Amino acid sequence: MKRRLWVIPALLCVLCMTACSAAGTASGVENGHDGRDSSSAGNAEEGVQDPAETDFFAMDTYMTFTAYGDRAREALTLAEEEIRRLESEWSVTDEDGEIWKINHSGGQPVTLSDETAQIVRFALDMAEETDGALEPTIYPVLTAWGFTTDENRIPGGEELRSLLENVGYEKVELNGNQITLPAGMELDLGAVGKGYAGDLTAELLEEKGITSALLDIGGNVQAVGSRPDGTDWRLGLRNPYGEGSIGVLSVSDCAVVTSGDYERYFIGEDGKEYGHIIDPETGYPVDNGLASVTIITEEGKKGDALSTSMFVKGLEQAQEYWRTHPDFDMILITEDGQIYLTEGVQDRFELSGSFGNMEVHVITAD
Ligand code: ADP
Ligand code: MG
């Protein structure tokens, strides 16, 4: 299991301009534990039932699921079971899971379930598409930094160089459901698994007839439908500099996924902060001036893959990537207090009071 230095339950988000967009602009400040604004909490709105809610710890993070409707309670029970099943399948440490089997295959082929083959395929494809900024085989490097145990340390340059020889998504062979991972390498779905789990859980709720639910999967928010009264969910975008939210976004039917170094980091003996997202080119934690990246997309797995990889790419390269792949929206927050957001979300995001004078830049297609 990865180390959790501190956990932020309930947080974030934004919205998207493709299939997950909806009318209306964000206003006011969210203040609900799950990011709902106060007017939607409880049964303040006449005719709206109290939601069913469940929170639990899984996939090394806190999850809070909220759903409306007559069958909400039953659906949330199934949703939690689904998460636990996926957690076991995709955990690096669960000996009964498929990822564990791949990582202990000693270079021999392993046959995967359709579901696991699909997410591994997705992770490898996104690794290629992001030129290796997403690197699903970075695990041995994370371990060297102590992010997978409780013993954080700063590895030496030589050690990192030698570990990086066993890193590289292009060395993984996946043909249909059969995977071959060279001995010495390790696969880890940490950067995409929660997003995919969110997609599968949202689908499950929809199959059960739920049209209004919010799934907060430790930094990933999956909005199923809209609020019960048909208006957008209003979600607080996590303040990367401290507590609370930095602004509010309106979203319906989409995934909002944030990556940032405030989530997991340690302070080295040299007094520097080292975060849990690694630049696969150097083996060092990313330190490029970005404080957080939020992605708004139709699919949670894509949001998850992109939030991690755009964080690795940094301010300039993330914008370049978006210009050639403009099928998502993003909000980049820099360590020096600036916000860059893609044009599709500019009218949907409103800064919270004390952040009102942050500099906001709109990223346009040309
Ligand atoms: P979180 O899981 O905390 O929400 P992310 O989705 O950004 O955050 O994923 C970060 C996790 O992904 C790390 O904790 C680690 O397990 C793994 N990771 C770190 N760097 C990379 C990378 N460059 N590519 C893929 N996975 C990474
Ligand atoms: Mg991610």
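1. Which residues in α1 meet α6, and which residues in α6 do they meet? In this structure, which is a predicted model, the α1 side of the contact consists of A75, L78, A79, E82, I83, L86 and W90, and the α6 side consists of G193, A197, L200, T201, L204 and L205. Sorted by class, the contact of α1 with α6 has 10 nonpolar, 2 polar and 1 charged residues.

2. The geometry of this helix pair can be set beside that list of residues. Helix α1 spans residues 72–90 and helix α6 spans residues 193–207, and their axes come within 10 Å and cross at roughly 150 degrees. Angles over 145 degrees count as roughly antiparallel, and α1 and α6 are therefore roughly antiparallel to each other. The crossing in which α1 passes α6 is right-handed.

3. Helix α6 also packs with α7, at an angle of about 165 degrees and with the two axes 6 Å apart. These two helices, α6 and α7, are therefore roughly antiparallel to each other, and their crossing is right-handed. From α6 the contact takes K194, G195, Y196, G198 and D199, while from α7 it takes G300, K301, G303, D304 and A305. By class, the contact of α6 with α7 has 2 nonpolar, 4 polar and 4 charged residues, to be read beside the 10 nonpolar, 2 polar and 1 charged residues in the contact of α1 with α6.

4. Altogether 21 residues surround ligand 1, and the closest are G190, A191, S259, I278 and T308. The shell around ligand 1 has, by class, 9 nonpolar, 6 polar and 6 charged residues.

5. An open sheet of 9 strands runs in the order β1-β2-β6-β7-β10-β13-β14-β15-β17, and its pairing is mixed. The edge strands are β1 and β17, the latter at residues 359–363, and each of them pairs on one side only. On average, and with direction ignored, neighbouring strands of this sheet are turned by 10 degrees against each other.

6. Within this sheet, strand β1 (residues 52–58) and strand β2 (residues 61–67) pair in the antiparallel sense over 7 bridges, and D55 has T64 in β2 as its bridge partner. The two strands β1 and β2 form a hairpin with 2 residues between them, and M59 in the turn has a positive phi of about 50 degrees. Further along the order, strand β10 (residues 255–260) pairs with strand β13 (residues 290–297) in the antiparallel sense over 6 bridges, with T258 standing opposite T294 in β13.

7. Two of the helices discussed above can also be placed against the sheet. Helix α1 packs on the sheet, where it touches β1 and β2, and its direction makes about 15 degrees with that of β1. Helix α6 lies across β2, β6 (212–217), β7 (220–225) and β10, and runs at about 20 degrees to β7.

8. There is also an open sheet of 3 strands, in the order β3-β5-β4, with antiparallel pairing. Its edges are β3 (110–111) and β4 (173–175), each with a single partner strand, so one side of each is left without a neighbour in the sheet. Strand β3 is joined by 2 bridges to strand β5 (residues 178–180), the two running antiparallel, and V110 stands opposite I179 in β5.

Note on methods: Residues numbered from 1 in each chain as written. Chains lettered and ligands numbered in written order. Predicted model: local features only at pLDDT ≥ 70, side-chain atom pairs only at ≥ 80, totals over all residues. Axes fitted to C-alpha atoms, helices over the stretch in contact; angles between N-to-C directions. Helix = DSSP H or I, 4+ residues; strand = E, 2+ residues; numbered from the N terminus. Parallel < 35°, antiparallel > 145°, perpendicular 65-115°, else oblique. Left-handed = near helix turned anticlockwise from the far one by under 90°. Contact = placed C-beta atoms within 7 Å. Nonpolar A, V, L, I, M, F, W, Y, C, P; charged D, E, K, R; others polar. Near = placed C-beta within 6 Å. Pairing = 2+ DSSP bridges.
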